[in-house]
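Hi there,

Here is the structure I promised to pass on to you. My notes on it follow below.

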Amino acid sequence: MSPRQPIRRSSRKRSPPVDPKTEPSVSPPSKIRKIKAESPTFKTPIKVKQETSPKTLKDRKLKAHAKDSLDGPFPWYIRPTPSECSLAHKILTSMHGPRVRPKVVVASKDRAGCGDSPSVLDALVRTILSQNTSDKNSTRAKINMDKVYGGSDHWEEIVAGGQEKLQDAIKSGGLSQVKSKVILQILAQAKEKYGDYSLDHLHKASTEDAMEELLGFDGVGPKTASCVLLFCLQREDFAVDTHVQRITGLLGWHPKNSSREQTYHHLNKRIPDEHKYGLHILFVTHGKVCDECKAGGKVAGKCALRKAFREQVVKDDVGVEEPVKQEVKQEMQQEVKRETD
């Protein structure tokens, strides 16, 4: 058995016993944190979760727009080429007739239209009414709105009536709760910023300045702003709606999984100005009537547009993604099989 080791005593001095009558009680850590947070002299900043403000949303939209406007979201994707745009324009014109920009913009009284008004504010409201609905429904909403308030641009009456009245007036257009809120927000922003219910100063602004200002309004994205630019302000801009997104995807003009906003920035860079107005309207028209190119359409080998571009891809596949090539080959094989059956 080993000898017992001597006990080493600490050289530290022990604190004297605490007298509960003279020593203040010590708070638990959670209470200390609460006291520090509430103290005006506490220097450590308190992290508070902030809600996203409209200004933040505006800044994000403008930042994304500036980024994608510079080189486009897909600078490596070289389609469509100018020759492809000319070919598509030629084929669609032969199928549906030419689409020429009018010299004077006239606000229609029997249809809502998408940006079809010389008044920028009216064009913006018409475009909002046309969002996520059919032309028939948006037109019904616009006509009833004019009937309720006594005119196409009676903005004072619309604001004074409040959201519930406006929502009821445009309910036939769908999403009336959201659209009525957005319209009233835009009217309030315009009045606060310019002292009047008008955005007609944008007629004299550059295309980029007009786009940025339109994006600054709550509820206005690139598609809505682009429609106002294309139809009301008569600028060369290529608006992308569901029909344009779908058909240009079928033609392989943008990466398969690109969002509508990415497609807008990409095609606005790639499509020559002289084709933007005509191709936009022709794609929309084609997307509504073509059995193969409309939503849920099935390949039958009869669409002149798709047939021409299948041949184009096979002839010259530069810039075409591999999945697009495979889809084209499958379509051509199906067409050959139908013709031989």
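**Around one histidine**

His243 lies in helix H10; helices (H or I, at least four residues) and strands (E, at least two) are DSSP runs, numbered from the N terminus. Please keep in mind that this is a predicted model, where local features need pLDDT of at least 70, side-chain atom pairs count only at pLDDT 80 or more, and totals for chains, interfaces and linings use all residues. Residues are numbered from 1 along each chain as its sequence is written, and side-chain values use heavy atoms, with hydrogens and water left out.

Back to His243: its relative accessible area is 17%, so this residue is buried (buried is under 20%, exposed over 50%, partly exposed in between, with a 1.4 Å probe and protein chains only). Leaving aside neighbours within four places in sequence, the contacts of His243 (heavy atoms within 4.5 Å) are Phe283, Val284, Gly287 and Lys288.

**The fold**

The protein has 14 helices and 0 strands. Of its 341 residues, 40% are buried. Among contacts with a separation of 6 or more, 65% are between residues 24 or more positions apart.

**The pocket**

The largest pocket has a volume of about 730 Å³. For the method: on a 1 Å grid over the protein atoms alone, a pocket is an open set of points where a 1.4 Å probe fits, with protein on both sides within 12 Å along at least five of seven lines, and lining residues have an atom within 4 Å of a point. Grid points are joined across faces, edges and corners, and the volume is the space filled by probe spheres set on the points.

The lining of this pocket has 29 residues, and Cys114, Ser130, Asp135, Lys223 and Asp241 are the closest to its centre. Two or more lining residues come from each of helix H5 (135-149), helix H7 (176-194), helix H9 (222-232), H10 and helix H12 (273-289). H12 gives the most, with 5 residues.

**The cores**

A nonpolar core here is a set of buried Ala, Val, Leu, Ile, Met, Phe, Trp, Tyr and Cys residues joined through side-chain atoms within 4.5 Å. The largest one has 59 residues, and Met145, Trp253, Leu279, Phe283 and Leu305 have the most contacts inside it. Helix H4 (residues 120-129) gives the most to this core, with 7 residues. Not counting residues up to four places away in sequence, Met145 touches Val125, Leu129, Trp155, Ile158, Leu166, Ala169 and Ile170. Another core, of 7 residues, lies apart from the largest one and includes Cys227, Leu230, Ala239 and Ile281.

**The rings**

How many aromatic pairs does a search of the whole structure find? There are 5, where rings of Phe, Tyr and Trp (its six-membered ring) pair if their centres lie within 6.5 Å, with planes under 30 degrees apart counted as stacked, over 60 as edge-to-face and the rest as tilted. Phe74 and Trp76 are edge-to-face, because their ring centres are 6.0 Å apart and their planes are at 70°. Phe74 is buried, at 10% relative accessible area, whereas Trp76 is exposed, at 55%. Ring pairs also link Phe74, Trp76 and Tyr77 into a cluster.

Trp253 and Phe309 are edge-to-face too, with centres 5.8 Å apart and planes at 70°. This pair links distant parts of the chain: Trp253 is in the loop between helix H10 (242-250) and helix H11 (260-270), and Phe309 is in helix H13 (residues 304-315), 56 residues apart. Trp253 is buried, at 0%, and Phe309 is buried, at 3%.

Best wishes
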